[in-house]
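Open the model in your viewer and keep the selection tool ready. Each stop below says what to select and what is there.

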Amino acid sequence: MTEQPKKKLFIKTYGCQMNVYDSERMAEAMGGSGYERTDTAEGADMILLNTCHIREKAAEKVYSELGRLKPLKTLNPDLKIGVAGCVAQAEGEEILARQPIVDMVVGPQSYHRLPELAAGGRAAVLTEFDEDKFAHLPARPSPTRGPAAFLTVQEGCDKFCAFCVVPYTRGAEVSRPVARVIGEAEGLARQGVREITLLGQNVNAYHGADGDATRSLGWLVRRLARIEGIERIRYTTSHPNDMEDDLIAAHGDCPELMPYLHLPVQSGSDRMLKAMNRRHTAESYLALIGRLRAARPDLALSGDFIVGFPGETDADFEDTMSLVRAVHYAQAYSFKYSARPGTPAAERDPVAPDVADARLQTLQALLAEQQAEAQAAMVGRETRVLVEKAGRLPGQLAGKSEHLHAVHFEADLPKGEIARVRIVEAGSHSLRGEAIGG
Ligand code: 5AD
Ligand code: SF4
């Protein structure tokens, strides 16, 4: 019997790591229908846009991308085109109405319906909340998997920060049951995965069912650390108010939990934090950082910031700069506020765009300085690097340090090995090191 040639699936992923994970799971779901992933839209039998709605003009960007794909559909009328992710959830049926080349619109909770949608006519499937949407997707067979993998444990958000669409597009907080998470992590470990990054929009609000008990993220981290082969654990993204004692303690006493934490604060001004509905103050955030650093003194911190939130004055912005100076971030992401329709902040008067632009530049200069300092401080230090792939030069390997620095070094080691490396040079985005010992 001759084997059917595989059909080609191209997925374009926008936005966060959660979408990267979802794209993988969608590809796996379509694997059962004879599709394999390809790197180009040209020649694909199916194209999925896995969209993000978090900032500006997201829907418009998707419509213009769809416009660019139109000629491919003319060339190949059998080509299936789908829109997935948060823009799909927000726009729904409207996408089918506005763009005739689209066959399927599928919200983030409904990816298990993809094979059935691909086989049928034009349709939209939106929110169908479920205890664990991934339970409907096939197990994760991926012989080409690298040694570091994402694993979604939680989705959605109940925080309703005044600027943010996530509570509307991803819905309320849902945690996957403990047994499913452990099962998936064990499967990944059997495939050679050494490092797992637990994902959730509000990952530290995880409260997964375990029989009659409910387990926290701190508990889950310690449990996953016991799996044979899993040597490193990370998690992202966290809200300061969900940083519970056992999770903070795990940073000090669970060696598998890596010393890097993404803990967005958004602003250093209490007035802005209140207007943003963050429900914490700059002081409480700094106190939390103090407790985390007491548990793990070399903890590297990363954050998210928004400048130009409605009503932000020069003094509010100065408070953000002071907070950044107090924390010393190893890495950070900063954005100009963008009004998202349907969110409370969108009703308020915006800050003048040139003022917001200037603040963004000032903040980014300070954050870049701190990042460069954190990179430079690594020179001469020893770290452990998980070998993920070949480096840019022959004989070079590339991977991540415990503190999530990208590191290149020369050695003859297989992927998945954790190497002792001394850092000899710091660039702006990566470090160069030398392997130590055998
Ligand atoms: N405008 C600008 N930045 C935003 N973010 C979320 N919503 C908005 C918005 N409307 C940023 C926040 C969040 C990150 C993922 O994106 O900083 O932490
Ligand atoms: Fe959005 Fe994060 Fe706030 Fe939730 S906690 S509303 S995801 S910014």
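Select R291 and D245. They form a salt bridge, with the closest N and O atoms 2.8 Å apart. A salt bridge here is a side-chain nitrogen of Lys or Arg within 4 Å of a carboxyl oxygen of Asp or Glu.

A note on conventions. This is a predicted model, in which local features need pLDDT of at least 70 and side-chain atom pairs count only at pLDDT 80 or more, while totals for chains, interfaces and linings use all residues. Residues are numbered from 1 along each chain as its sequence is written, chains are lettered from A and ligands numbered from 1 in the order in which they are written, and side-chain values use heavy atoms, with hydrogens and water left out.

Next, colour by domain. The chain divides into domain 1 (7–133), domain 2 (142–258), domain 3 (261–377) and domain 4 (382–435); the bounds come from an automatic or database domain assignment.

Show domain 2 and domain 3 together. Their C-alpha centres lie 24 Å apart. Contact (heavy atoms within 4.5 Å) links 21 residues of domain 2 with 27 residues of domain 3. How much area is buried between domain 2 and domain 3? About 2000 Å², with 64% from carbon and sulfur atoms. Buried area is the accessible area (1.4 Å probe) that two parts lose on being put together, summed over both. Now pick A162, F163 and P240: they supply 33% of the area that domain 2 buries against domain 3, more than any other three residues.

The rule finds one salt bridge across this interface. It also finds five residue pairs in polar contact, both residues at pLDDT 80 or more. A polar contact is a pair of N or O atoms within 3.5 Å; within protein, one must be able to donate a hydrogen and the other to accept it, and residues adjacent in sequence count only if both atoms are side-chain atoms. On the domain 2 side, β13 (232–236) and α9 (245–253) each supply at least two residues. Helix α9 gives the most, with four residues. Helices (H or I, at least four residues) and strands (E, at least two) are DSSP runs, numbered from the N terminus.

Move to H280, in the loop between α10 (270–275) and α11 (282–295). H280 is buried, at 7% relative accessible area. Buried means under 20%, exposed over 50%, partly exposed in between (1.4 Å probe, protein chains only). Not counting residues up to four places away in sequence, H280 touches H239, P240, N241, V265, L273 and Y285.

Now search the whole structure for salt bridges: there are 26. Select R170 and D22, which meet at 3.2 Å, N to O. R170 lies in the loop between α6 (166–169) and β9 (174–175) and D22 in helix α1 (residues 17–31), so the pair ties together parts 148 residues apart in sequence. Buried or exposed, R170? R170 is buried, at 1% relative accessibility, and D22 is buried at 0%.

Then take K73 and D103, with closest N and O atoms 2.6 Å apart. K73 sits in helix α2 (residues 58–75) and D103 in the loop between α4 (93–98) and β5 (104–106), so this pair ties together parts 30 residues apart in sequence.

Last, select E425 and R432, a salt bridge at 3.0 Å between the closest N and O atoms. E425 is partly exposed at 41%, and R432 is partly exposed at 38%.
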